[in-house]
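Hello,

Here is the structure I promised to pass on to you. Please open it first, and then read my notes below with the model beside you.

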Amino acid sequence: MSLNKILISALIVICIITGLATAFTINEGENALVLRLGKIVSHDSDPQVLQPGLHFRLPFFDTVRIFDTRVQELATSPSQPLTVVTKEQTYLVVEYFAKWRISNLPRFYISTGGSVHWAETLLEQRINDIVRAEFGKYTSAQAISINRSKMVDAIKEQAMQIGKDQGIYVMDVRIRQITLPKDVMDSVFNRMATERKQFAEAKRAEGIEKSEEIRALADQKVTVIKAQALMQAAAVRAQGDKEAADIYSKAYSADPKFYSFFRSLQAYETSFNHKNDILVLKPEGQFFNYFHGTQGNNVSKK
């Protein structure tokens, strides 16, 4: 291979490498700054911000810094939430999130050195200060329910102002969750459990008291009903005995001799009911009157 061909080939390779080192592409949702020897390249005394597309730079002199200009989210860490103090000196744990994006890329680069992490750290510190200040204006009840929307609007308005000096536009700030610290939460839960237990015991005692009252009233009604039933039964029995006595009296008065004879027969039957029964009586006693009468009648007939 001749020297000319080698030189041409080397020149082509150098041109290709130079072209690759010179051209670069910026995607949608991104902007870029060209740093020439560490300084931002300007156009008409204004820092030049490159938009999405194909661009070129001076190799070995220019450095391209590409930044994401889409909306990003900053949120408190669940493991390290923000603790605030309310107006009545009550501690609350607040979790929030903020929507932000880069609005002024040269200012963003100058204030943060182009570090998104550092920008978010600064923004989080400032929002934390705003949130603490706003919660300090209200009581816990007001911050949680009554004035929550008003407080969030104030936080959002102040956050939009603090982001301007960093080249950041804060689009929105929202409170995600408000809770009590863990030790306070445990204390509240224990107190609630104690109150519920006391309430349950009070209700149980009230129920027992009412059940005793109902039982006593039922026993009283049962006693009254039994007494009334016994009284009515005694009255009916007395009336029956009276009527029976009247019937007996009428029956006996109809023929007293027959009644006396009938009663003696019943006495004889009862007395001599068993073979082993023994009576020691005088034959001349009144118990054997009808025996004597029967025997005398039989003798006279003979």
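This is a predicted model: local features need pLDDT of at least 70, side-chain atom pairs count only at pLDDT 80 or more; totals for chains, interfaces and linings use all residues.

**What I found in it**

P81 counts as partly exposed, because its relative accessibility is 27%. Which residues does P81 touch, once its neighbours within four places in sequence are left aside? The contacts are with V93, V94 and E95. L92 is eleven residues away from P81 in sequence, and the two C-alpha atoms are 9.9 Å apart in space.

Have a look at its backbone: Q89 is not a glycine, and yet its phi is positive, at about 65°. Its relative accessible area is 62%, so Q89 is exposed.

**Aromatic rings**

How many aromatic pairs does a search of the whole structure find? The search gives two. In one of them, the ring centres of F67 and F108 are 6.0 Å apart and the planes meet at 85°, which makes the pair edge-to-face. F67 belongs to strand β8 and F108 to helix α2 (residues 105-112), so this pair ties together parts of the chain that are 41 residues apart in sequence. Are these two residues buried or exposed? F67 has a relative accessible area of 4% and is therefore buried, and F108 counts as buried too, at 0% relative accessibility.

F67 also forms an aromatic pair with Y109. That pair is edge-to-face as well, with 6.4 Å from centre to centre and 70° between the planes. Y109 lies in helix α2 while F67 lies in strand β8, so here the parts tied together are 42 residues apart in sequence. With a relative accessible area of 17%, Y109 is buried, because the cut-off for buried is under 20%. Taken together, F67, F108 and Y109 form one aromatic cluster.

One more ring deserves a look. The charged end of R196 sits over the ring of F199, 4.9 Å from the ring centre.

**A nonpolar patch on the surface**

Now turn to the outside of the model. L37, L58, F60 and F61 form a nonpolar patch on the surface, and together they have about 540 Å² of accessible area. One of these residues, F60, is found in the loop between β7 (53-56) and β8 (62-68). Is F60 buried or exposed? Its relative accessibility is 82%, so F60 counts as exposed.

**Salt bridges**

Side chains of opposite charge can pair when their charged atoms come close. In this model the count comes to twelve salt bridges. I will walk you through a few of them.

The side chains of R176 and E73 meet in a salt bridge, at 3.6 Å from N to O. This pair links distant parts of the chain, as R176 is in strand β12 (residues 168-179) and E73 is in strand β9, 103 residues apart. Both partners are partly exposed: R176 has a relative accessible area of 43%, and E73 has one of 39%.

R174 and D172 also meet through their side chains in a salt bridge, at 3.0 Å from N to O. How do the two partners compare with the cut-offs for burial? R174 is partly exposed, with a relative accessible area of 38%, whereas D172 counts as buried, at 18% relative accessibility.

Another salt bridge joins E206 and K210, whose closest N and O atoms are 3.5 Å apart. Both residues lie in helix α6 (residues 182-254), and because they are four residues apart, about one helical turn separates them. E206 is partly exposed, with a relative accessible area of 33%, and K210 is partly exposed, with 47%. Elsewhere, salt bridges that share partners join E73, K99 and R176 into one network.

I hope this helps you find your way around.

Best wishes

Terms used
Residues are numbered from 1 along each chain as its sequence is written. Side-chain values use heavy atoms; hydrogens and water are left out. Patches are made of residues with over 30% relative accessible area and no salt bridge: like charges are joined within 9 Å, nonpolar side chains (Val, Leu, Ile, Met, Phe, Trp, Tyr) within 5 Å. Accessible areas come from the Shrake-Rupley method with a 1.4 Å probe; for residues, only the protein chains shown count as cover. A salt bridge is a side-chain nitrogen of Lys or Arg within 4 Å of a carboxyl oxygen of Asp or Glu. Helices (H or I, at least four residues) and strands (E, at least two) are DSSP runs, numbered from the N terminus. Buried means under 20% relative accessible area, exposed over 50%, partly exposed in between (1.4 Å probe, protein chains only). Contact means heavy atoms within 4.5 Å. Rings of Phe, Tyr and Trp (its six-membered ring) pair if their centres lie within 6.5 Å; planes under 30 degrees apart count as stacked, over 60 as edge-to-face and the rest as tilted. A charge sits over a ring if NZ of Lys or CZ of Arg is within 6 Å of the ring centre and within 35 degrees of the ring normal.
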